[in-house]
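Visitor: I would like to learn how to read a model like this one. Please take me through it feature by feature.

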Amino acid sequence: MSRLTVMTENKAQQTVENIYKDLERRIVASPPGLCPIDLLSSFLKMTHAQTCGKCVPCRIGLGKLENLLDAILDGTATTETLDMIQKTAETVYYSADCAIGWESAEMVLKGLMGFREDFLSHITSGKCTFELNQPVPCRSLCPAGVDIPGYIALINEGRHQDAIKLIRKDNPFPAVCGLICEHPCERRCRRNMVDAPINIRGLKRYAAEHAGKVPVSKIAEGTGKKVAIVGGGPSGLSAAYYLALMGHKVEVIEKRKRLGGMLAYGIPNYRLPVELLNADIDAILSAGVKVHYEVEVGQDVKLEELKKDFDAVYIAIGAHIDKKLSIDGLDAEGIYSAVDILRQIGDGEMPIFEGLNVSVIGGGNVAMDVARTAKRLNAKSVSVLYRRRKDDMTALPEEIEAAMAEGCEIYDLSSPLSIEKDEAGKITSVLIKPQIISSIKDGRPTPKDADRQTEAIPTDILIIAIGQGIESREFEKYGVEVKKGTISSLETAEIAGIDGFFAGGDCVTGPATVIRAIAAGKVAAANIDNYLGFNHIIESNVEIPEAKLVDRDPRGRVNMKDRPAAIRINDFDLVELGMSQEEAQQESSRCLRCDHFGYGIFKGGRYLKW
């Protein structure tokens, strides 16, 4: 008789594994607006089902927690129930034998602290503060609130100009965002439940490429009010566009030779061609926006003068100042900031890297951009030094993958220790100390020195890309409050204590995404309009196609393709290839039209105005 048999999954095990995968997809696609306590209760029931039953805290304690949460949802609980939930969860957390028990209890404790108001609302009024709105996931996760199902339906019908008009209602940069948006809208796309999220960014790009020149919306009657916008980046230009549509006279004060902010001076041409950026900017200016180039606030014009000459001022200066590194040897020749290098390139002045060893310190998108740029400028080698793991890099995964494909060497878990230089004071190498990943703090693993020898990375040019800040001195002089390197403003974009002054974008949040900067400009425009005594409505006047009652079978997602790495590193032409008409038609047909189906309130999933 055989002693062993080959382990194989039976049909029941295979089915359970498939159910786990289905469950994982449902969790990924969990829409915003769900009752958090209901969701917490469901997760708790699932984890309780996973327990082995050997220890009392899991077997009994998690069951008790389930009953207590059910009492909250049933409306039979009191405020004393919250104390009982906390005590029970803490007991399970400190006494459970395995992670199933203590992690389940910690989840309950996080919920109790994170949305305690919702617990109290259920107890006192018998309803959830979320009211089961079930918003359209993609639209609610877009910071600018773009009507995504609407423009995808328009693309599916070949109405590309209408798609751009609809996008511009909330986002005046359709071409830009079709190329470089970080697409948070895709994260909770309900199509995850079926197969994979819709390629929303790719479809936006397709519409922008096939719409031709689309005139801006009708401009309202002039109000006689004047608004100054300090900074011509995505936030400032978005605010300028919407305020101009509302009939206000808008003037943009731009420090540099070109508009666009970090879009023009931080993103290389191979990711965002200048002609596509200029197309979006030209459309914005066509609304009647006036621009003053190479004018610096504090030097050429004072904030006091702006306050005197304009009815409102919006500060959107972006984050263009590089953060400093604290290691020995920074006085060596050959050390530059990524911001300065990319700004130089934005002005058409290419640095000389040919035949040189280039090292980049940092792990964000700016670090990837400058590293990939160095490869295109014929650097002998490009090394990216990062003190955490590659998985911890803040750059988009596709940017990291592209940099590696183009020949950039990633030295992760490598902390720069010092800079070595020759007798003439020129940099020769960067000394790095190997790291080991350690405890998790604030949701992020921290590195510490590993028990290994230091290593010297040969370097002729060192580029530092560890973050950006704002130039705030002139604004502080005027009384604008600055905390931790950013301007303090309210959620309404108003600056407390300074009448008529507003701020938004990277100068308030710190370096963030282009879509968040655009959203800040939209918020500022609406609230400046109200401050000036108006309530203008921004509409698109585009009729959205009716949702179709058709089956939506599982189907693979159309992903964007890149030009071959061996070819693209020889130029600055656009790397990413767009969708074909066939691909756009298929991808747009995958949309589940959550603005019509599965929407939790009867008025429908569309905001026609804001």
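The dialogue below goes from the whole chain to a sheet, a helix residue and salt bridges.

Visitor: What should I know before starting?

Guide: This is a predicted model: local features need pLDDT of at least 70, side-chain atom pairs count only at pLDDT 80 or more, and totals for chains, interfaces and linings use all residues. Residues are numbered from 1 along each chain as its sequence is written, and side-chain values use heavy atoms, with hydrogens and water left out.

Visitor: How many helices and strands does the chain have?

Guide: Helices (H or I, at least four residues) and strands (E, at least two) are DSSP runs, numbered from the N terminus. Here there are 23 helices and 20 strands.

Visitor: What radius of gyration does the chain have, and what would a compact globule have?

Guide: The radius is taken over C-alpha atoms, and the globule rule is 2.2 Å times the number of residues to the power 0.38. For 610 residues that rule gives a value near 25 Å; the chain has 27 Å, so the two agree. Along the principal axes, the C-alpha atoms fill a box of roughly 80 × 70 × 55 Å.

Visitor: What share of the residues is buried?

Guide: Buried means under 20% relative accessible area, exposed over 50%, and partly exposed in between (1.4 Å probe, protein chains only). Of the 610 residues, 52% count as buried.

Visitor: How many bridges join S2 to S3?

Guide: Three bridges join strand S2 (residues 249–253) to S3. In one of these strands, S3, Val-291 is the bridge partner of Val-252.

Visitor: Is Ser-41 buried or exposed?

Guide: Ser-41 sits in helix H2 (residues 36–49). Ser-41 is buried, because its relative accessible area is 3%. Leaving out residues up to four places away in sequence, Ser-41 touches Leu-69, Asp-70 and Leu-73.

Visitor: How many salt bridges does a search of the whole structure find?

Guide: Side chains of opposite charge can pair when their charged atoms come close. A salt bridge is a side-chain nitrogen of Lys or Arg within 4 Å of a carboxyl oxygen of Asp or Glu. The search finds 29.

Visitor: Which residue forms a salt bridge with Asp-195?

Guide: Arg-590 does, at 2.5 Å from N to O. The pair links distant parts of the chain, 395 residues apart: Asp-195 lies in the loop between helix H10 (174–180) and helix H11 (200–210), and Arg-590 in the segment after helix H23 (581–589). Asp-195 is partly exposed at 23%, whereas Arg-590 is buried at 1%.

Visitor: Which residues make up the salt-bridge network?

Guide: First, two further pairs. Arg-389 and Asp-392 have their closest N and O atoms 2.9 Å apart. Asp-595 and Arg-593 meet at 3.0 Å, N to O, and both are buried. As for the network, salt bridges that share partners join Arg-271, Asp-369, Arg-372, Arg-376, Glu-399, Glu-406 and Arg-568.

Notes:
Pairing = 2+ DSSP bridges. Contact = heavy atoms within 4.5 Å.
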